There are 2 protein chains.
Amino acid sequence: MPETPSRLQRDLKQNRPFPSVAQEAMLSLFKTVDDLRRGAIQVLEPEGITLQQYNVLRILRGAGAEGLPTLEIVTRMIEQAPGITRLLDRLERKKLVHRERCPTDRRQVTCRITEPGLGLLARLDAVVDRTNRHLLGGLTTAEQRQLIQLLDQVREGLPAG
Amino acid sequence: MPETPSRLQRDLKQNRPFPSVAQEAMLSLFKTVDDLRRGAIQVLEPEGITLQQYNVLRILRGAGAEGLPTLEIVTRMIEQAPGITRLLDRLERKKLVHRERCPTDRRQVTCRITEPGLGLLARLDAVVDRTNRHLLGGLTTAEQRQLIQLLDQVREGLPAG
DNA sequence: GACAGATACTTGACTAATCAACTAATATCT
DNA sequence: AGATATTAGTTGATTAGTCAAGTATCTGTC
């Protein structure tokens, strides 16, 4: 009994049904996030920073004046970034962060956001939040909470969560 | 009234609450997909192909013997790929696809999956499906359907959907 | 206090993604 | 038919991501 083709099938112009619900869910997640990512990037483009750079700046703003050691930033990042050193290099070149060797443990490098960095984030705060709401405008707040809960469950069930 | 911190907040070691539900949902989506992506990549690694290359091979298998013009592949891809030419270059170098200029419209290049390409996909089919089910093991099938529906709604509400 | 091992990055080599021209072929308009 | 526009794809230059190996520092252990 052929069901009506799913929205995702139409999006991907796929004729045959997905081999499993799990597979459709995976593709749906990947495609949706790819679309959302492009929307988010557009907002950051005028300021000349990438999504990951923006994320790092927010983490450092959250850390406050004490700053954070390099690898501690990675553990707080959304997307795993083995290239953290060079990402910070670029942010430092733009004067958005400042790094200095930690005096008590000279292996560590303490990273702090600079005034220009804070200014950039301040300029973006409102428009970023507005964009996020806009991008998820297809869902009510209640549905957004439901989505968050389902995603939590996914991550909870992951091998190396 | 301080609520208990969300799962995502703990994951990201963030102390302060998110400025909006939409923003938490966005981060949750990004983080979840990043985790899932790494799980998926591990399966493909032994065969020496990337997620996007795998995706293209599946699209070409779906297209059958007639093959597809290069840019038509892009429209069917999950993640937008401006680098489709070089992606196909790599697949052709591995003898997984074959390209030839279309005789009726010589601007187009028709791409087809080769026998070795089909063999590679055949080797992966079972394990990919198993992995997808495993990665989404935190959700029941009903919950997976619910997730798919929410994601459909998100894409439906997107500016350039 | 010397040595083994662990940490915290850093660097180099390679691969891949991105954006902006550019070429070739077809379609359209007059 | 000839000029112009559009489409399909490629190429080059820049930037960014990935993996393995290396360096400096610290933490125990004997």
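**Surface near DNA strand D and arrangement of the two chains**

The residues that form the surface near DNA strand D fall into six nonpolar, six polar and six charged. The model described here is a predicted one. Around DNA strand D there are 18 residues, of which Gly83(A), Arg106(A), Pro69(B), Leu71(B) and Thr85(B) come nearest. At least two residues of this surface are supplied by each of H5 of chain A, H4 of chain B and H5 of chain B.

The relation between the two protein copies was examined by superposition. Chain B is brought onto chain A by a rotation of 180 degrees, with 0.0 Å of shift along the axis and an RMSD of 0.1 Å. The two copies are therefore related as by a two-fold rotation axis. The same surface serves both copies, given that 100% of the contact residues of chain B recur in chain A.

In the interface itself, 54 residues of chain B are in contact with 55 residues of chain A. On the side of chain B that touches chain A, the elements giving two or more residues are helix H1 (7-11), helix H2 (21-44), helix H4 (70-76), helix H6 (115-135) and helix H7 (141-156) of chain B. The largest share of this side comes from H2(B), with 16 residues. By residue class, the side of chain B that touches chain A divides into 22 nonpolar, 16 polar and 16 charged residues.

Most residues other than glycine have a negative phi. In chain A, by contrast, Lys95(A) has a positive phi, near 65 degrees, and is not a glycine. Lys95(A) is located in the loop that runs between helix H5 (84-93) and strand E2 (97-101) of chain A. Because Lys95(A) has 11 C-beta neighbours inside 10 Å, and a residue with 12 or fewer is classed as exposed, Lys95(A) counts as exposed.

In chain B, phi of Lys95(B) is likewise positive, at about 65 degrees. The loop that holds Lys95(B) lies between helix H5 (84-93) and strand E2 (97-101) of chain B. Lys95(B) counts as exposed because its C-beta neighbours inside 10 Å number 11.

Methods
Residues are numbered from 1 along each chain as its sequence is written. Chains are lettered from A and ligands numbered from 1 in the order in which they are written. This is a predicted model: local features need pLDDT of at least 70, side-chain atom pairs count only at pLDDT 80 or more; totals for chains, interfaces and linings use all residues. Copies are superposed by least squares on the C-alpha atoms of residues with pLDDT of at least 70 in both. Two residues are in contact if their C-beta atoms, placed from the backbone, lie within 7 Å. Helices (H or I, at least four residues) and strands (E, at least two) are DSSP runs, numbered from the N terminus. A residue is buried if 20 or more other C-beta atoms lie within 10 Å of its own, exposed if 12 or fewer, and partly exposed in between; C-beta atoms are placed from the backbone. Ala, Val, Leu, Ile, Met, Phe, Trp, Tyr, Cys and Pro count as nonpolar, Asp, Glu, Lys and Arg as charged, and the others, Gly among them, as polar. A residue is near a molecule or strand if its C-beta atom, placed from the backbone, lies within 6 Å of it.
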